[in-house]
Amino acid sequence: MDDKLLGEARQARERLIDAERDLEVARADFHRAVRRLHLNGSSLRELAASLGLSHQRVHQIVEEAGGSRRWIRVKGGSTGGRRDDVLLVCSFCGKTQHEAAKLIAGPGVYICDGCVTLAETVLGSGEGARTEYGQVTTVSEANPRMPCSFCGKTRDQVPGLAIAPPVPHRKTPATICPECLALCDEIIAEERAIREQGD
C-alpha cells in the first residue's frame with residue numbers, strides 16, 4: 001500500500017470529520033436561532049417567507065430545537081392544589097418552587113437560579129460542586145452524544161455540559177450547556193427588571 005496516499009486519505013478523513021462536526025454545530029445554531037425568533041413573536045409563516053423555507057420545514061426546525069413552548073419562570077408560592085405540584089422541583093438540586101427564588105422550566109426539566117450559578121461555576125472552573133443529591137460535574141468529551149436536557153445539543157456541539165445526579169421524581173441525570181445557562185440568565189435578568197419596575 002502506498003504510504004503517501006494512505007496518509008492523504010487519513011488527512012482527508014480527519015477534515016471530513018471536522019467538517020461534519022462543524023455542520024452539526026451550525027445546523028443546531030440555526031435551529032435555535034429560528035426557535036428564538038418564533039418565541040419572540042414571529043409566526044411560522046413569516047419565518048418561512050423570510051428564510052425561503054416551507055412552513056412545514058420551519059415547524060420541524062422549531063420542534064427539533066425544543067418546541068414552540070417558551071421556557072418559563074415558575075413562580076413560588078401556592079399552585080392552587082395542582083396534582084403535579086410535586087414535580088415542580090429543580091432537576092439539579094431538588095429544591096421546589098416554594099424553596100427556590102426562581103425556577104426556570106425547560107422541556108420536562110427545571111433549574112433554579114442557584115443551580116444556574118452553580119452550573120456556570122462548574123463549567124468555568126472544571127471542578128465539581130456538591131448539591132444535596134450529589135456532585136454536579138462536567139460531561140467529558142469522551143461522551144460526545146450526551147445531550148443538553150434543555151436544548152438537545154450534544155456534548156460535541158457545545159463548549160461544555162454540566163451534569164447532575166438524578167433527583168427524586170427524575171430517572172435520568174439533568175444536563176445543561178452554556179448556551180442554555182445564558183438563556184436562563186436572560187430570563188432571570190428580565191424578571192429582575194420587571195420586578196424593579198414594579199417597585
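Visitor: Over how many bridges do strand E6 (residues 162-164) and E7 pair?
Guide: Strands here are DSSP runs of E, at least two residues, and helices are H or I runs of at least four, numbered from the N terminus. Two strands pair if DSSP finds at least two bridges between them. E6 and E7 run antiparallel, and their bridges number three.

Visitor: What should I know about the model, and which residue in E7 is the bridge partner of Ala164?
Guide: It's a predicted model, where local features need pLDDT of at least 70 and side-chain atom pairs 80 or more, while totals for chains, interfaces and linings use all residues. Residues count from 1 along each chain as its sequence is written, and side-chain values use heavy atoms, without hydrogens or water. Ala164 has its bridge partner in E7: Ala174.

Visitor: Which are the edge strands of the sheet?
Guide: The sheet is open and antiparallel, with its four strands in the order E4-E5-E6-E7. An edge strand pairs on one side only, and that picks out E4 (129-131) and E7 (174-176).

Visitor: What angle does helix H4 make with E5?
Guide: H4 (residues 113-125) packs on the sheet, touching E4, E5 (134-138), E6 and E7; contact means heavy atoms within 4.5 Å. Axes are lines fitted to C-alpha atoms, for helices over the stretch in contact, and angles run from 0 to 180 degrees between N-to-C directions. For H4 against E5, that gives about 50°.
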